[in-house]
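Welcome! Take one topic at a time, and find each place in the picture as you go.

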There are 2 protein chains.
Amino acid sequence: MHGSNAPETQLLGYAGGRLDRVDHIRTNSDLLAQAFASPLARRVVLEGLEPVVEGGHLAMEPLPADAWIEHHVLLGVDEGQRPIFAELLADTPDNVMPSARSRSLVSEVPGHEAALYGTARSLLSWHARHRFCSVCGQRSAPAKAGWSRRCGSCEAEHFPRVDPVVIMLAEHRGRVLLGRQHGWPQGRYSALAGFVEPGETLEEAVAREIKEEAGVAVHSVRYVMSQPWPFPSSLMIACTALADDDALKIDETEIEHAFWCDAEGVRAAMDEEEGAPFLAPPPLAVAWHLLRHWLDGQVAGRTPSA
Amino acid sequence: MHGSNAPETQLLGYAGGRLDRVDHIRTNSDLLAQAFASPLARRVVLEGLEPVVEGGHLAMEPLPADAWIEHHVLLGVDEGQRPIFAELLADTPDNVMPSARSRSLVSEVPGHEAALYGTARSLLSWHARHRFCSVCGQRSAPAKAGWSRRCGSCEAEHFPRVDPVVIMLAEHRGRVLLGRQHGWPQGRYSALAGFVEPGETLEEAVAREIKEEAGVAVHSVRYVMSQPWPFPSSLMIACTALADDDALKIDETEIEHAFWCDAEGVRAAMDEEEGAPFLAPPPLAVAWHLLRHWLDGQVAGRTPSA
């Protein structure tokens, strides 16, 4: 039943980082200075927030002699013992949403290099939008090798955001609920998704989002997998759930349309067949892997129909 | 094998909220004004960030005639169709960490009321520490019924934080790894834990934290359950993992001590027996439930030894 696109080899984008994050160096100014001064040290080459690819790898460069340690984040140490840095942005980026270059990177460089880029992108986006202390309004400055910011005025310490997002497939009698947002490419459908709010479990967030967006009550939420999504700094948490019934009541401010799709339709879309009922999300997205997971479960749980 | 404390009835603290969060009202100023003006509307009674209990319930009061809608968060609508609000703090709290009152609340009121309190506490803490725009340093103001803040100067919109934390039991040959932090009550041990960082999956965060804190490499990470933890706004994500070996190399800046504990020791601690090898975390914490989950799996997977 598996399609021709060899799905098991599709990489989950921005996951699979291999850097040792060397937490102990972040808070030790001597060790940090040593890492920065090391002839092995490299920094990620970026154009604003965008990656640069050279010879099938994420471009890296030695640290210039006039580089300031205070303007760099220590991402970690790689398998070749090279300390890897990224330079903070001087300007605030106009847009922290996914760009064509940041997406295509995933298929152009090894997976762990895309993960390294994603980490840099999330941290740089966060610094750029947190130059001021949210407690007192004064300027803050990077601290802990770029893993926090400290306010010199009120002494508050601020940490990079990681925003948990639930992304989920509700299932009802062998069909899954797919939705599309306004402005997506024609025919594209995916799993529903939304930010986890304060005061709820993941399971409660899954149920709330499906109810809000599609009017469907669910139970039996199961965690499947997770993915860092650096636009700007989400943690995608992929789940399945069982729906009580299949009546839809769509919130059109949130999504444009939703429908229940059977396994054959999902398979056709994942295999990019002509006439498939929808255009699947790209393999770099966790939604693709969640659909694959669901489809594999359908196949494993039944007598094959083909 | 189950202890005498009827563990299945122990509530997970701050989870199990029952409010309809009425997302559609947050962005509709007419509906919001109606909810605020409703004779059914109530607000949570707080002393600073601390809860007040009356007759076994979280104290609520009608909205005073002179209350300002701009100073309130709409938490949601309860099962009695009452819109439930919380008033933003005028001052910045000194301490957003767990207090005795906020902990004892969990055993004093129904679980869903402790969840409602937790949601309020997280949101109020966030507003109190985000009065200024982190992009430009100017004052921001609450928007969307308290579910965001908007900067009138640069127009940036800011959303409440939810900080994902992994909390996990590494297992090796029938024993689990327990650690204690500096300053904990004497004898207290729990699962290791740490914040998820930008650029990593949950599974990668689990492996990194156990490696950092205890020097142990793990694989086969499995999600167990989650919990909102309102001090100030964490999302606890509880997992198990299998350790490659049991040699420990403890980072004493992070934890004071760690050891491997067998099922009998965990059982004795959960049952609060004299002579138990450690003092278990309280049942309101997800760590207690994670230990229970592991212990139940041990019992189910073996011939009982007692």
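What is the mean pLDDT of chain A, and what share of its residues reach 70 or more? This is a predicted model, and the mean pLDDT of chain A is 94, with 95% of its residues reaching 70 or more.

**Confidence**

- Keep one stretch of chain A in mind as you read: residues 1-8 have a pLDDT below 50.
- In the model, this stretch has 15 contacts beyond near neighbours in sequence.

**Two domains in chain A**

- Where they meet, ten residues of domain 1 of chain A are in contact with seven residues of domain 2 of chain A.
- Together, domain 1 and domain 2 of chain A bury about 740 Å² between them, and carbon and sulfur atoms give 72% of that area.
- Which three residues supply 50% of the area that domain 1 of chain A buries against domain 2 of chain A? They are P98(A), R103(A) and S122(A), and they supply more than any other three residues.
- On the side of domain 1 of chain A that touches domain 2 of chain A, α3 (100-108) and α4 (111-128) of chain A each supply at least two residues.
- The largest share of that side, four residues, comes from α4(A).
- Sorted by class, the side of domain 1 of chain A that touches domain 2 of chain A has four nonpolar, four polar and two charged residues.

**Where chain A meets chain B**

- How many residues of chain A are in contact with chain B? The count is 48 residues of chain A, in contact with 48 residues of chain B.
- About 3,800 Å² is buried between chain A and chain B, with carbon and sulfur atoms giving 54% of it.
- S134(A), R161(A) and P198(A) supply 16% of the area that chain A buries against chain B, which is more than any other three residues.
- Six salt bridges are found across the interface of chain A and chain B.
- You can look for a salt bridge between R26(A) and E197(B), where the closest N and O atoms are 2.7 Å apart.
- The interface of chain A and chain B also has 28 residue pairs in polar contact.
- Several elements of chain A give two or more residues to the side that touches chain B, among them α1 (23-26), β12 (163-172) and α5 (202-214).
- By class, the side of chain A that touches chain B has 21 nonpolar, twelve polar and 15 charged residues.

**Salt bridges**

- Side chains of opposite charge can pair when their charged atoms come close.
- Over all chains, the structure holds 46 salt bridges.
- In chain A, the side chains of R121(A) and E50(A) meet in a salt bridge, at 3.3 Å from N to O.
- This pair links distant parts of the chain, with R121(A) in helix α4 of chain A and E50(A) in strand β3 (residues 50-51) of chain A, 71 residues apart.

- Most residues other than glycine have a negative phi, and most peptide bonds are trans.
- In chain A, a cis peptide bond joins F231(A) and P232(A), with omega at about -5°.
- P232(A) sits in the loop between β15 and β16 of chain A.
- In chain B, the peptide bond from F231(B) to P232(B) is cis, with omega near -5°.
- P232(B) is in the loop between β15 (218-229) and β16 (234-243) of chain B.
- Is the phi of V22(A) positive or negative? V22(A) has a positive phi of about 40°, although it is not a glycine.
- You will find V22(A) in the segment before α1 of chain A.

Methods: Residues numbered from 1 in each chain as written. Chains lettered and ligands numbered in written order. Predicted model: local features only at pLDDT ≥ 70, side-chain atom pairs only at ≥ 80, totals over all residues. Heavy atoms only, no water. Contact = heavy atoms within 4.5 Å. Buried area = accessible area lost by both parts, 1.4 Å probe. Nonpolar A, V, L, I, M, F, W, Y, C, P; charged D, E, K, R; others polar. Salt bridge = Lys/Arg side-chain N within 4 Å of Asp/Glu carboxyl O. Polar contact = N/O pair within 3.5 Å; in protein donor to acceptor, adjacent residues only side chain to side chain. pLDDT = per-residue confidence, 0-100.
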